[in-house]
Amino acid sequence: MRVESEEKVYDDINITPMLDVAYVLLLIFIIMTTATVQGIVVNLPKASSTPSLAKPKTKAISITQDGSIYLDTYPVTIQELETRLAQYKAATPDLPVVLKADASIQYEKVIEVLDVVTRLEINQLGLVTQKLVK
């Protein structure tokens with residue numbers, strides 16, 4: 001006589017050992033992350049609430065609708081623009097310059113200003129445009 005119950009193939013998946021491993025790994029990860037977050041207690045310095053007195057390095061050149069040229073907020077001619085930018089460039093070799101021009105001015109004025117910037121070998125030049133609204 002054969003006992004068929006002993007030779008029966010066991011085809012069910014036992015999830016319990018797999019969950020035990022997952023829980024142990026989860027516990028290890030939780031312990032490791034909390035251990036690294038705590039670290040060493042350090043008394044951090046407080047930041048100053050007063051604004052910085054350093055002047056911004058970026059110079060803005062603006063060309064208005066009537067063709068007037070402004071360096072930051074001061075009206076200048078092309079010659080004055082070149083001498084002032086040369087002075088700023090001597091003080092700050094990596095002087096950034098931003099050019100803002102009215103859309104209705106002659107293209108020649110923009111080219112004159114770009115020519116001055118090129119002669120002074122100012123490499124950081126930005127052209128300001130309006131944001132495109134979709």
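Visitor: What does the accessible surface of the protein come to?
Guide: About 11700 Å². Carbon and sulfur atoms hold 60% of that surface. Keep in mind that this is a predicted model.

Visitor: And what share of the residues is buried?
Guide: Buried residues are 17% of the 134 residues in the protein.

Visitor: OK, fold next. How many helices and strands?
Guide: Three helices and five strands. Along the sequence the pattern reads α-β-β-β-α-β-α-β.

Visitor: What percentage of contacts with a separation of 6 or more links residues 24 or more positions apart?
Guide: That share is 64%.

Visitor: Where is I15 found?
Guide: In the segment before α1, the helix that spans 16-38.

Visitor: Why does I15 count as partly exposed?
Guide: Because its relative accessible area is 44%. Buried would need under 20%, and exposed would need over 50%.

Visitor: What lies over the face of Y88, then?
Guide: K59 does. The distance to the ring centre is 4.1 Å.

Visitor: Quick recap of the patch and the ring?
Guide: The nonpolar patch includes I15 and Y23. I15 is partly exposed.

Terms used
Residues numbered from 1 in each chain as written. Predicted model: local features only at pLDDT ≥ 70, side-chain atom pairs only at ≥ 80, totals over all residues. Heavy atoms only, no water. Patch = residues over 30% accessible without salt bridge, like charges linked within 9 Å, V, L, I, M, F, W, Y side chains within 5 Å. Areas by Shrake-Rupley, 256 points an atom, 1.4 Å probe, with all protein chains shown as cover. Salt bridge = Lys/Arg side-chain N within 4 Å of Asp/Glu carboxyl O. Helix = DSSP H or I, 4+ residues; strand = E, 2+ residues; numbered from the N terminus. Buried < 20%, exposed > 50% of the residue type's maximum accessible area, 1.4 Å probe, protein only. Contact = heavy atoms within 4.5 Å. Lys NZ or Arg CZ within 6 Å of the ring centre and 35° of its normal.
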